Amino acid sequence: MSVQEQIVSDGIVIGPLADPAIGTIMVTATPTEDFASPDVQLSGSGNGWSVAPPLEADASSVLHLKPEANQSLPVRYQLTLTLAQSSRPSFSFQGVQIYHFDPDQPRFERVAIFFPASSDQVQVSFLHNIPHGGEPVTYGMSIGLSDGSFTSWDYPTISFDPQAGPPEM
Amino acid sequence: MPEIEEITGSITVQATEEPLNITLVGSAETWSAEGQSITLSPGDHPIHYKLTLTPESSERPLVGVRFFLGSGEAKIFIPADSGDVELNLINAVSLGDPAISEVFSIGVQLSFGVHWFEPSIAFDPQAGPQTI
């Protein structure tokens, strides 16, 4: 779907919004001895985005959104998280929550936007409009997986990083 | 995460061009949409509010909703489906906590193009159940 966007600010009309960068993030869950905490791995990459694995054993993945140098802003990402076939039927996808990221309390979400899963898939869309040289923005994300009796939540983060974006003129 | 209670509802979006304005209408026991704000009450458990935004006029369909979550330049976008937008919000604010207010924008297709109105959502614990 192509969405025409007009942002009117001080009489300046910006737009239209480009077609989305479409991609798939694979979610692979493996049971562990702690039934409440399966091992969850995210993978995938595309034009202007990628998923980085956790740097430490107890850390979580990071979804990097970094516009290519030749991409005009804002960039719209339309990403579909899909539960890997190998993770079924042990787990089912419940949904994704997105919330403010607080480095002091990264797993404490009081207010979140929720994307319920449908057929073990969740589609999320982002708009990245941070100009080159701007400060990166980080959101928290939690991925809910159910083993039929209990829902566990894994906590990757989303980084909107402008460093790869087009330089300001 | 504790048990989540689900509450569904519908909000009518009244958009006008002259003057350029938006009014939200709808309410139930634990939430309300009035003027340019939505207020969501907490409960004993986290509440999953599933609210459908529906345009009053089919001639002014909704394009989508954008959430800022504290930053104006990094947004979460929820595209419309057949002119409606389904909002799914988790309110886990506890009674006594400070209220949290989020700004979001609703894109409405008007005769001159898409305009993004900016109402707000208050996750207000003061409106929640009283502690016994």
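This is a predicted model: local features need pLDDT of at least 70, side-chain atom pairs count only at pLDDT 80 or more; totals for chains, interfaces and linings use all residues.
1. Local features need pLDDT of at least 70 and side-chain atom pairs count only at pLDDT 80 or more, while totals for chains, interfaces and linings use all residues; side-chain values use heavy atoms, without hydrogens or water. Residues are numbered from 1 along each chain as its sequence is written, and chains are lettered from A, ligands numbered from 1, in the order in which they are written.

2. Do look at A:Phe126. Leaving aside neighbours within four places in sequence, its contacts (heavy atoms within 4.5 Å) include A:Leu63, A:Tyr77, A:Ile98 and A:Phe160, as well as B:Lys75, B:Ile76 and B:Phe77.

3. Two cis peptide bonds deserve a glance. One joins A:Arg88 and A:Pro89, with omega about 0°; A:Pro89 is in the loop between strands S8 (75–83) and S9 (92–100) of chain A. Strands here are DSSP runs of E, at least two residues long, numbered from the N terminus. Another runs from B:Glu18 to B:Pro19, with omega near 0°, and B:Pro19 is in the loop between strands S1 (5–16) and S2 (21–27) of chain B.

4. Two serines have a positive phi. For A:Ser119 phi is near 55°, and this exposed residue has a relative accessible area of 69%. B:Ser82 also has phi near 55° and is exposed, at 73% relative accessibility. Most residues other than glycine have a negative phi.

5. Finally, the chains meet through 29 residues from chain A and 31 from chain B. The buried area (accessible area, 1.4 Å probe, that two parts lose on being put together, summed over both) is about 2,800 Å², of which carbon and sulfur atoms give 62%. In chain A, A:Arg110, A:Val111 and A:Ile113 lose the most area to chain B, together 24% of what that side buries.

Terms used. Helices (H or I, at least four residues) and strands (E, at least two) are DSSP runs, numbered from the N terminus. Buried means under 20% relative accessible area, exposed over 50%, partly exposed in between (1.4 Å probe, protein chains only).
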